[in-house]
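Biologist: Please show me the sequence and the model. I would like to go through the aromatic rings.

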Amino acid sequence: MLTRKELDDNILKDIDFCPQTGMQEKVLLADASFIIFGGNRGGGKAQDKDSSIKTIDGFKRIGDVEVGEIIIDPVGDIQFIHQIHEKGELPVYKFTTAENRSVNACMDHIWDVFVGEDRILITTKDLIPLIESSVISVPVYKECSEEILMDAITSCSYVGMRDCRCITLTGSDGLYITDDNVITHNSFAMMLDPLYDVDNKHFTGQIFRKNLDDIMQNGGLWDKAKIIYPHLGGEEKASAKKFVWKSGAVINFSHLENESQKTIESRFKGLEMPFIAIDEIDQIKFSTVKALITSNRNSHGIRNRFLGSCNPSCDTWLRKWIDWYLDEDGYVIPERDGVVRYFFLSGDTVDDVTWGDTKEEVYLKCSAMIDSIWNEEFASKFGMTKMDLIKDFVFIEGSLVNNKKLIESDPNYIANIAMGTDEDRQRNILGCWNISSTNAEIMVSRDKLNEAFENVPQRTGRMRMSVDVALQGSDNCVIVIWDGLHIVDVDARGYIETSKELQAIMNRYIDKYNIRESDIYYDAVGIGAILTDYKQAFPVQPKSATVNGDESFDNFKSQIMWTFGNLLIEGRISIDDSVAYKRFNCGKRGKLTFKDILQHEITALRVNDSTGKTKMLPKKGTNSMKTILGHSPDFLEACIYGIIWTLIRKKEKSKKKGIYNL
């Protein structure tokens with residue numbers, strides 16, 4: 001069988017694209033059928049430190065900016081500098097345009113340019129030879145203009161060795177404004193691998209994200225595909241969300257929003273998908289990944305492969321899956337980065353995986369299982385061996401910062417990290433797969449929360465309402481409707497004008513579901529005081545005393561938060577399918593499903609350090625749920641109030657047994 005390197009040399013020699021060195025190159029050449037790559041936010045490509053970048057305070061030297069600094073992107077929005085990599089002395093070239101603009105860049109800097117009428121991403125190394133033979137235009141930013149103007153590159157000259165650094169932005173397209181308002185690029189996404197097979201008429205590639213909106217948003221996967229694929233012969237079919245080649249090869253873009261077993265089986269059972277890629281695979285359930293792996297096959301001799309990009313997270317199945325590649329602190333071990341391993345999955349969970357350094361080692365560990373499913377006709381008809389039932393896997397670190405030791409050797413880099421929580425720094429910048437954000441311990445994993453969407457409905461027949469109150473756009477006002485411990489409906493409004501408007505909305509749900517006033521629970525602090533007209537409702541005072549005389553908690557809020565988490569862990573809360581995929585406007589984060597929102601917000605439900613009593617993280621403050629999430633946990637809060645009735649049980653009057661009561 002050809003290695004990936006041989007494929008690269010023989011199949012791709014006539015295709016004009018250039019992957020970035022580092023992670024992208026490793027992924028394209030990896031000799032494994034299942035590849036996970038990522039580990040933190042990837043690094044950018046370098047310019048010399050004397051080059052400029054446009055910030056909210058005007059242009060600054062790239063050598064002077066710091067992590068967390070706000071820059072202006074080409075459409076006038078703000079982005080943050082997320083990461084800085086010192087590159088040392090590198091050869092630098094100066095590019096001059098027809099309108100006498102100039103930009104300095106090193107050889108691996110990535111440009112977003114037009115070569116003739118074709119828009120491409122290209123490195124300095126590959127751009128230089130084209131200058132004399134092609135018309136190359138670079139986008140230019142202009143104040144108060146809705147259009148991106150173009151200016152032709154006319155010459156290039158060697159400047160010399162210069163001290164360089166590269167930056168990573170929080171913006172998904174990686175564009176920023178450099179010298180003379182020229183727009184440049186600092187990232188190149190994953191989507192090159194399927195290009196191995198676009199000349200094969202039988203080839204079908206599937207690229208997934210959790211949500212369709214994430215694929216189609218500005219700077220998302222679809223926008224990046226429009227830059228790459230048309231240049232290489234792909235014809236855009238926007239309405240069908242796919243690219244088609246003259247050969248008949250197809251690359252489809254789709255979502256995995258509904259991950260119920262029934263839906264996944266109906267969508268993919270029996271399909272042949274030789275290429276599958278999942279962007280941010282850590283957001284996808286293991287059962288879904290397992291089901292897709294069974295469809296990662298074909299009958300046309302195409303090399304099957306399954307790719308997943310990821311971000312570090314300790315509370316997903318992926319953390320356990322890649323455990324061998326990590327040290328005890330959760331950082332990638334450099335010597336194991338990119339090492340191929342082998343596995344056999346004998347059950348439905350990550351715990352059912354048998355690993356080994358060779359296929360033979362895996363077979364020795366689980367020979368009984370493999371022998372039990374082996375059929376000699378596999379050998380006689382298809383030339384297979386038992387080793388073919390064992391799959392190969394590789395994890396590739398996606399960061400230029402490979403390990404903690406490298407970070408610790410550069411105190412100035414550590415000092416420059418000024419944005420986000422400690423959790424953000426450890427996970428997204430340093431690539432740590434262990435939670436060490438605060439002394440708070442995550443109570444409910446995302447995998448455990450997912451079970452609530454599949455649990456048997458925990459209905460009792462008694463309807464209740466819980467409300468996290470907000471008015472006039474301060475936060476989302478969230479209303480949750482319960483039947484026992486089964487969530488049957490959710491409403492969220494980003495802007496409610498008056499208390500009367502809120503009460504009108506609540507009353508519609510009260511009438512629809514026949515809810516008693518005594519079965520309404522709401523946050524009575526601050527704006528919540530507007531609901532005092534509901535005389536029999538339960539106003540939640542977070543710092544009030546615990547109920548039932550329970551002295552193991554520091555206050556009532558910790559008691560109900562812990563109880564909610566414990567009910568989830570025990571599988572006693574369920575959520576209706578009609579609610580799971582209902583979408584809500586979440587401001588800058590766009591429209592998200594209720595399920596996605598809870599998966600995010602549940603990470604802020606944490607047990608904090610305390611002196612003898614269980615104490616949960618507060619909603620606001622320096623070390624709080626809000627600092628972890630970057631916003632108020634409105635949906636989670638509304639859900640938490642809905643379990644209060646399980647703590648407050650009215651004591652029934654006992655009857656004295658006697659002759660008249662027998």
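**Aromatic rings and their contacts**

Modeller: The charged end of Arg464 lies over the ring of Trp645, 4.0 Å from the ring centre. A charge sits over a ring if NZ of Lys or CZ of Arg is within 6 Å of the ring centre and within 35 degrees of the ring normal. The model is predicted: local features need pLDDT of at least 70, side-chain atom pairs count only at pLDDT 80 or more, and totals for chains, interfaces and linings use all residues. Residues are numbered from 1 along each chain as its sequence is written, and side-chain values use heavy atoms, with hydrogens and water left out.

Biologist: Over which ring does the charged end of Arg336 sit?

Modeller: The distance from the charged end of Arg336 to the ring centre is 4.4 Å. The ring belongs to Trp324.

Biologist: How many aromatic pairs does the structure hold?

Modeller: Rings of Phe, Tyr and Trp (its six-membered ring) pair if their centres lie within 6.5 Å; planes under 30 degrees apart count as stacked, over 60 as edge-to-face and the rest as tilted. The number of aromatic pairs is 30.

Biologist: Do Trp374 and Phe378 form a stacked or an edge-to-face pair?

Modeller: Their centres are 5.3 Å apart. The planes make an angle of 80°, and the pair is edge-to-face.

Biologist: Is Trp374 buried or exposed?

Modeller: Buried means under 20% relative accessible area, exposed over 50%, partly exposed in between (1.4 Å probe, protein chains only). Because its relative accessibility is 13%, Trp374 counts as buried.
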